[in-house]
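Here is a short report on one protein chain. Look at the structure first, then read on.

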Amino acid sequence: MGALAESYKDTLLEPQHIPLDYGSVHTLPDSHVWLDESDESPSGVHSTGPPVIDLADPDAARLIIQACETWGVFQLIGHGIPTKLMEDVQSEAEKLFDLPVDQKMKALRSPGGSQSGYGLPPISPFFEKLMWHEGYHIMGSPIDHAKLLWPNDYQGFCDTMVHYRSQLKALTEQLIRIIFKSLNINPDEVAWLKESQGLSIGLQLNCYPPCPDPTRAMGIAPHTDTSLITVLQQSKVSGLQVFKEGAGWVLVQPVPGAITVNLGDFFHILSNGVFTTVRHRVVATRIRRLSFAYFYAPPGDFIVSPVLSKDFGEVPRYQTLSVKEYVGIKGKHFEKALSVIQN
Ligand code: OGA
Ligand code: NI
């Protein structure tokens, strides 16, 4: 187990619950009723969403940096991930979530934020209410868990997920290089990036089952990602919303073939607060929605220190600390983690 996974394990509360057997539930149980968030009216759900950027556009780098400042999220086309591979991931994930609940339970993940297997979202221990969600997390080799799900027929799933993850890793590292340059960090001087040894915290397959009462339920509660960057493939069904100052919750409408890219807390700290770590949530829907999130972070011992310059400010807004230390603070303070390390 990597250092980062180890520190998640130490700091997160044990998940007390397992996903519902959604196929057998026809009304929303009390355990899954979320109160309306009166301070966060969904006024912005109809505003224009984050930008769509073509990575093949000669102006892509400038547009990406602009999106990092204004939104902390954008949708990427021209990214080079083969359509067929994206479709294969979708059908392998459908096959997984279509399994009988007893079968999925065989691959139940052990407690901790970033362990492999089937279960509730990693952030669920921070909330009293349960989310209308089932997920499957892949860390390291998917084989052991996949064998539990399909004793004789696991290879297709594993090959697809491993291939997809390696393509996403390359794409993510390409984006990190672009963003590092804007921070005046030379990507070739960052050993883990040069050697492609950043930490893939994992590939999280998310399933939001059909919900009988979507307005009172929650797909994934509001959070920011404990990553440098997260790249997400959404199915055709919309549900992801991002919080935009002045607009409220804004829908990230799926664009066919696009990958949604969002920044996490580490880019926010590195950019001295100039790049947005976007707060996001997923609303429940009447029809099933799938999404696949790939989280990428620097290694646990990487020191995250705000870059100081005329553009990014000359006074550090955040304390300098290691990735591992920050993960520990996030595990304790969750949404307040950034204010805990603020100067
Ligand atoms: C996540 C997440 C968004 C989605 O897994 O952290 O925010 O659309 N997912 O499922
Ligand atoms: Ni997220």
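Predicted model: local features only at pLDDT ≥ 70, side-chain atom pairs only at ≥ 80, totals over all residues.

A search of the whole structure turns up 0 disulfides. Cys 158 is in no disulfide, and the nearest cysteine sulfur, that of Cys 207, lies 19 Å away. A disulfide needs two cysteine sulfur atoms within 2.5 Å. Cys 211 is in no disulfide either. For Cys 211 the nearest cysteine sulfur is again that of Cys 207, at 12 Å.

Are these cysteines buried or exposed? Cys 158 has 3% relative accessibility, so Cys 158 counts as buried. Cys 211 has 2% relative accessibility and also counts as buried. The cut-off for buried is under 20%.

## Around Cys 207

Cys 207 sits in strand S5, which covers residues 199–208. Its relative accessible area is 0%, so Cys 207 is buried.

What does Cys 207 touch, beyond residues up to four places away in sequence? The list is Phe 97, Trp 132, His 133, Glu 134, Arg 288, Arg 289 and Leu 290. Take Arg 288 from that list. Cys 207 and Arg 288 are 81 residues apart in sequence. In space, their C-alpha atoms are 7.2 Å apart.

## One side of helix H2

Helix H2 spans residues 60–70. Its buried residues include Ala 60, Ile 64, Ile 65, Ala 67 and Cys 68. Why do they count as lying on the same side of H2? They cover an arc of only 160° around the axis, and that puts them on the same side. An α-helix has 3.6 residues a turn, so residues three or four places apart point the same way.

What covers the buried residues of H2? The cover includes strand S1 (52–54), strand S2 (73–77), helix H6 (155–182) and strand S10 (259–263). Just after H2 comes Gly 72, with a positive phi of about 75°.

## H2 against H6

H6 is part of the cover of H2. The two helices pack at an angle of about 75°. Their axes are 10 Å apart. H2 and H6 are therefore roughly perpendicular to each other.

Which residues make the contact? H2 gives Ala 61, Ile 64, Ile 65 and Cys 68. H6 gives Leu 175, Ile 178, Ile 179 and Ser 182.

## H3 against H6

Helix H3 covers residues 83–97. H3 and H6 pack at an angle of about 135°, with axes 10 Å apart. That angle makes H3 oblique to H6. H3 passes H6 in a left-handed crossing.

On the H3 side, the contact is made by Leu 85, Met 86, Asp 88, Val 89, Glu 92, Ala 93 and Leu 96. On the H6 side, it is made by Gly 156, Phe 157, Thr 160, Met 161, His 163, Tyr 164 and Gln 167.

His 163 belongs to helix H6. Is His 163 buried or partly exposed? With 39% relative accessibility, His 163 counts as partly exposed. Now follow the chain from His 163 to Gln 174, 11 residues apart. Their C-alpha atoms are separated by 17 Å.

Strand S14 is made of residues 321–322. Ser 322 is in this strand. Its relative accessible area is 11%, so Ser 322 is buried. Leaving aside neighbours within four places in sequence, Ser 322 is in contact with Gly 300, Asp 301, Phe 302 and Ile 303.

Helix H9 covers residues 323–333. Which residues of H9 are buried? They are Val 323, Tyr 326, Val 327, Gly 328, Lys 330 and Gly 331.

Phe 334 lies in the loop between H9 and helix H10 (337–340). With a relative accessible area of 10%, Phe 334 is buried.

Asn 272 has a phi near 55°, also a positive value in a residue other than glycine. Where is Asn 272? It is in the loop between helix H8 (265–270) and strand S11 (280–282). At 3% relative accessibility, Asn 272 counts as buried.

Methods. Residues numbered from 1 in each chain as written. Chains lettered and ligands numbered in written order. Heavy atoms only, no water. Buried < 20%, exposed > 50% of the residue type's maximum accessible area, 1.4 Å probe, protein only. Helix = DSSP H or I, 4+ residues; strand = E, 2+ residues; numbered from the N terminus. Arc of directions from axis to C-beta. Contact = heavy atoms within 4.5 Å. Axes fitted to C-alpha atoms, helices over the stretch in contact; angles between N-to-C directions. Parallel < 35°, antiparallel > 145°, perpendicular 65-115°, else oblique. Left-handed = near helix turned anticlockwise from the far one by under 90°.
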